[in-house]
Amino acid sequence: MFLPYPVIEQMSDRQVETWNRHFAGNGHERPRSVEEGIWRRTQDPANAEQSGWSKDSAGRRRVVHYRYGYDLDYTHPVPRLVLSDLYLFVSHLAPSSEIDSYAKHINALLIEGRWRERSDGWHKGDLVVNIADHEIHPQDERADRKTPKDFRSLDVQITSEGFKVPRALRNLPWDVLAGGMRVKEKRGTPTMAEDLSGLLDFLPFQVEVGCGTSIEAGIPPLHYLHEVYRVTERKDNSLTQSHAFTLSPQADTLVQEMLLDAPSKAHDLTRMFAACVVARPTPAHESLKALHEAGHMVGPVITHNFDVLSARAGLEEVFVRRYDQKIPPVPLLDDAKALLVVGLHADRRAVQARARARGMKVFFVDPEGLVENGVFKAYPIEGAREGDVVVRQEAIPALTHLCELLKV
């Protein structure tokens, strides 16, 4: 695989303008031209169903961390969006016998994929692979974590040639791991409502958005990345069923896919970012802009999405899906009486908890389910609590109707 790797072969004038205005440059609290993700999966009694934990089987761990840099390439007649830097790290902690087999398997893949071994790693094209086998992982020593008896770790790092891995980047997934696993919360008994008319009694409001607004814009759902990075043993596109974690090295095909056909895998790795660049704000974003201009919505859009769609609709954003801060600063305003949470599920609950602590009413807009194979399957919001209001709609109809109610 050679870099720069083309992600969008022909960028239109509008897309170039979008890139230069919203993705390029250093005027953001985080670089928008960088895509980053971390998954850490461990065995624990609380996730026994997915991790296979039992008293006789415990201690496995898988960590995946990626960081990609994107840029515009003008070496062709039409500007291209390209992947310019790549960093992919996969670590397994497993019984020593499995690590031995996994290490031999990776070595065979390197030979089959025609990688060339040098003093600083295995090379092919513009990529470099480094492998480290640890009796006790340095990061476990750093955190004073015990290694289970007869377990070892194997790290596989794939980078673009010349990419320097700073200490902060190397430590980041382990700092996240030290924060502990997400504990599933018990859903409360929120009030169910047909629409957002109840919000009219709690104006002005602030808004927090999740991937629901992005999906409406044509961006793949977050669980697409779970498939790409083999986070779970997903057999189909089902979201509502429980999928087992990929914790066995032999069941992990991510490294194999990269070593045997990195260019093809790169298409999957970069698809989400490409979709974000191509996407355009939807009527949901435009409705939020109208509500903001009318004074009914205040403050920036608190977002967990890296597509910058709210900003591209003309709204200020604050990005809170971060790894460097467990609970990033959130600007909840003194005059805001409610928090409207749109299309946000699972573990992103810190903002809502803060809002409740300030006495703000919390409203959710979410269909709380999806259609799979022609059948509607429930997918309840985990963070809903007593006193909250849930409107089971998608973002576009709910927000456009709110505009109608407020005559904006």
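**Entry 1. Overall fold**

I began with the contacts of the protein: among those between residues at least 6 apart in sequence, 73% join residues at least 24 apart, a contact being heavy atoms within 4.5 Å. I note that this is a predicted model, in which local features need pLDDT of at least 70 and side-chain atom pairs count only at pLDDT 80 or more, while totals for chains, interfaces and linings use all residues. Residues are numbered from 1 along each chain as its sequence is written, and side-chain values use heavy atoms, with hydrogens and water left out.

I then looked up the overall dimensions. Along the principal axes, the C-alpha atoms fill a box of roughly 65 × 60 × 45 Å. Of the 408 residues, 51% are buried (buried means under 20% relative accessible area, exposed over 50%, partly exposed in between, with a 1.4 Å probe and protein chains only).

I recorded twelve helices and 17 strands; these are DSSP runs numbered from the N terminus, helices being H or I with at least four residues and strands E with at least two.

**Entry 2**

Strand E6 (residues 121-124) pairs with strand E7 (residues 127-134) in the antiparallel sense over three bridges. Lys124 stands opposite Leu127 in E7. The hairpin of E6 and E7 has two residues between the strands, and in this hairpin Gly125 takes a positive phi near 60°.

E7 is also joined to strand E8 (residues 151-160), by eight bridges and again antiparallel. There I found Asp155 in E8 as the bridge partner of Ala132.

**Entry 2. Backbone exceptions**

The peptide bond from Leu3 to Pro4 is cis, with omega near 0°; Pro4 is found in the segment before strand E1 (5-8). A cis peptide bond also joins Leu203 and Pro204, with omega about 0°. Pro204 is in the loop between strand E9 (191-193) and strand E10 (205-209).

Which residues other than glycine have a positive phi? I noted Arg114, with phi near 65°, and Glu368, with phi of about 55°. Arg114 lies in the loop between helix H3 (96-112) and strand E5 (116-118), and is exposed, with a relative accessible area of 70%. Glu368 lies in the loop between strand E14 (361-365) and strand E15 (369-372); Glu368 is buried, at a relative accessible area of 3%.

**Entry 3. The second largest pocket**

I finished with the second largest pocket, which holds about 250 Å³ of space. On a 1 Å grid over the protein atoms alone, a pocket is an open set of points where a 1.4 Å probe fits, with protein on both sides within 12 Å along at least five of seven lines; lining residues have an atom within 4 Å of a point. Grid points are joined across faces, edges and corners, and the volume is the space filled by probe spheres set on the points.

Its lining includes Arg14, Glu17, Arg21, Arg280 and Arg312. Helix H1 (13-23) and helix H10 (309-312) are the elements that give two or more residues to this lining, and H1 gives the most, with five. The lining residues divide into three nonpolar, three polar and five charged (Ala, Val, Leu, Ile, Met, Phe, Trp, Tyr, Cys and Pro count as nonpolar, Asp, Glu, Lys and Arg as charged, and the others, Gly among them, as polar).

Key: Pairing = 2+ DSSP bridges.
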